[in-house]
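Hi,

Here is the structure I promised to pass on. Have a look at it first, then read my notes below.

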Amino acid sequence: MNTRPDQVNYNPFGKQAMGPLAKIVFEIGAKWYPDEEKWVPLLIEDWEYPSTIAQGETVQFNLHPDTTWVNGDPYTAQDFVGQMHWRKENNDSVWEFIEGVEQTGDHTVEMTFAQKIDTRLFENALIGMGDAPTVWNFKYDVYSDYLERLQDASGSKERNAILQEVSNLNFSLDEAMEKGLANGPFKPKQASATKLILEKNEDYTNPHITADDLNFNLIEGLPIDSPQKKLRSLRNNEADSLHNTAFTSAQSDQVPDHYEGLTYFTHSGGAFCFNCRREPFDNRKVRWALSNVWRAGHATLMQNLPLSDKNKDTVPFSAGMSGPLVEKWLGDRKDDYMHFDGGTERAAELLRGEGFTKENGKWYKPDGEQFTITFKGASFHSNRTQTGAQLLTDFGIETKALVQEPTTWFSKTTANRDYDITNWWVGQSVAIPYQGLFGTLVNSAWVTAYPLGVESVSSWEGESTSEFIVKVPPIGEPEGEPREVNIKERLSKLAAAQTEDEKRPHIQEIAWVWNWMDTYWGPWLLYLASEYYDTKDWQWKDKEDPMMKAPTVQDWPLRLGYPKAKTK
């Protein structure tokens with residue numbers, strides 16, 4: 001948890017929500033077993049594609065008929081369809097694959113394809129294959145009025161105001177339970193400053209188990225957000241399972257023997273993000289300059305990360321993808337991309353070309369004002385924030401590293417876009433570039449507001465844009481004649497592509513847009529998290545079992561009746 005437990009907002013679409021515990025409190029659609037390449041059903045029991053997948057063809061989804069909200073209301077197709085339309089209003093990538101969704105029965109839903117599609121990409125967009133699956137938390141009778149207002153909104157300004165209104169809704173625990181806002185295996189019971197207690201949802205059922213198959217009744221969610229606190233919780237036997245953990249080699253050696261560890265390879269990691277709403281970060285050549293400084297210090301950035309080698313991996317250059325995906329999709333063309341490897345000399349050349357000057361070791365803007373930067377990051381990103389800022393300061397750009405408590409960073413700094421530079425997560429948890437590129441360049445475009453930082457056909461209204469059309473030169477020609485690139489259209493074509501050869505040109509074009517705009521410098525590292533679980537007091541499946549190899553141990557085994565509390 002990144003929020004103090006007694007400050008949690010039980011509105012799942014609000015600020016300061018439950019974080020990872022939401023995957024226990026709310027049901028997920030299904031779970032992807034990567035080694036076996038199959039889905040294990042949960043809320044979504046099954047579906048069958050038509051023999052031909054093309055625009056206008058339909059697919060029916062059958063939902064588990066016995067899922068209920070915690071106040072006793074049945075979970076129905078109306079809730080599911082409502083969430084699909086809610087996702088549409090929030091620019092969710094699943095709507096690149098479909099053009100319609102409707103309820104066809106109490107627990108059946110029909111979706112209409114928008115085009116010929118890659119079904120695996122569609123399933124990932126709909127359900128989520130990695131460690132952050134879609135949680136089905138939209139309760140129709142609670143949120144339908146807001147949804148209808150969104151659908152009737154006359155423009156982006158009105159839409160953004162409604163979304164902000166929903167985000168500002170604050171439900172207490174009692175209010176949320178009265179409204180029924182939980183449908184997973186456990187539900188919130190009480191909170192203090194140090195823990196959020198979940199109790200078993202006695203009415204829980206899925207295609208595999210009922211609540212009776214779980215032989216324990218309570219889960220304590222602890223707000224331990226740093227490696228030091230997580231290690232202490234293991235050494236003191238306070239934690240039975242830990243997710244998203246990265247230790248140094250020395251810390252790993254201190255983990256007690258009765259904890260088993262798993263590490264999952266993901267294709268996501270950290271990026272340094274420029275706020276293009278602010279000068280001079282709306283100037284791409286200034287961004288290029290700073291990226292050259294960071295690239296020159298890339299080894300220092302990696303070395304200073306307090307992570308063991310198994311928990312981090314470097315990325316060759318910024319294109320929105322991991323190293324393995326760069327090799328696979330950019331291949332022989334990767335040398336055509338900008339590597340920002342000119343060092344501090346190239347950085348200085350770029351700044352001087354934009355009218356900046358350097359005197360007595362300090363850089364000044366064209367208007368004579370000293371060039372200073374505030375780099376803000378949450379405490380769990382403290383090292384990278386401080387090192388990234390120090391590299392710029394050493395270059396002569398006075399950069400203040402402001403490390404904040406996670407609650408402040410999430411609810412104030414990023415929510416109010418109050419930063420020059422910040423950290424963000426980019427890439428994809430599974431090896432599918434589409435999802436990561438769409439998630440960042442469309443859904444999380446607000447992080448950088450990148451259309452304000454390049455020549456753009458799209459107007460930036462409020463905190464988004466409807467078109468995502470930018471002007472970018474051809475691949476490999478950073479100073480070439482700009483031409484229009486419709487990012488959403490390219491992503492749509494990628495979604496429709498059936499073979500790797502069909503996908504490759506679209507991925508290469510979008511990766512070039514990312515690389516050339518340089519509003520997100522990254523991912524510059526892959527964050528490979530480990531998970532730990534206690535085997536002294538709990539019985540789990542073998543670590544090689546598919547159940548354990550599908551992240552995450554905190555929430556997935558519960559759906560299959562594990563772990564089992566060992567009884568004396």
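Lys187 has Glu199, in strand 8, as its bridge partner. This is a predicted model, where local features need pLDDT of at least 70, side-chain atom pairs count only at pLDDT 80 or more, and totals for chains, interfaces and linings use all residues. Residues are numbered from 1 along each chain as its sequence is written, and side-chain values use heavy atoms, with hydrogens and water left out.

**Around strand 8**

Strand 7 (residues 186–191) and strand 8 pair in the antiparallel sense over five bridges. For these notes, two strands pair if DSSP finds at least two bridges between them; helices (H or I, at least four residues) and strands (E, at least two) are DSSP runs, numbered from the N terminus. Strands 7 and 8 form a hairpin, with four residues between them. Strand 8 is also joined to strand 9 (residues 218–221) by four bridges, again antiparallel, and there Leu198 has Ile219 as its bridge partner. Strand 8 itself (residues 196–200) is mostly covered, with four of its five residues buried. Buried means under 20% relative accessible area, exposed over 50%, and partly exposed in between (1.4 Å probe, protein chains only).

**Aromatic rings**

The whole structure holds 47 aromatic pairs. Rings of Phe, Tyr and Trp (its six-membered ring) pair if their centres lie within 6.5 Å; planes under 30 degrees apart count as stacked, over 60 as edge-to-face and the rest as tilted. Phe186 and Phe216 are stacked, because their ring centres are 5.6 Å apart and their planes stand at 20 degrees. That pair links distant parts of the chain, as Phe186 is in strand 7 and Phe216 in the loop between strand 8 and strand 9, 30 residues apart. Phe186 is buried at a relative accessible area of 0%, and Phe216 counts as buried too, at 10%.

There is also an aromatic cluster, whose members include Trp32, Trp39, Trp47, Tyr49 and Phe438. As for charges over rings, Lys358 lies over the face of Phe395, 5.3 Å from the ring centre, and Lys564 lies over the face of Tyr562, at 5.5 Å. The test here is NZ of Lys or CZ of Arg within 6 Å of the ring centre and within 35 degrees of the ring normal.

Contact means heavy atoms within 4.5 Å; axes are lines fitted to C-alpha atoms, for helices over the stretch in contact, and angles run from 0 to 180 degrees between N-to-C directions.

Strand 10 and strand 22 (residues 530–534) are joined by three bridges, and Thr245 has Ser530 as its bridge partner.

**Helix 11 and its surroundings**

The axes of helix 11 (residues 323–330) and helix 17 (residues 500–517) come within 9 Å and cross at roughly 115 degrees. On the helix 11 side Lys328, Trp329 and Leu330 take part, and they meet residues of helix 17 including Glu500, Arg504 and Ile507. Ser322 lies in the loop between strand 13 (312–314) and helix 11. With 0% relative accessibility, Ser322 counts as buried, and it touches His267, Val315 and Leu526, not counting residues up to four places away in sequence.

Cheers
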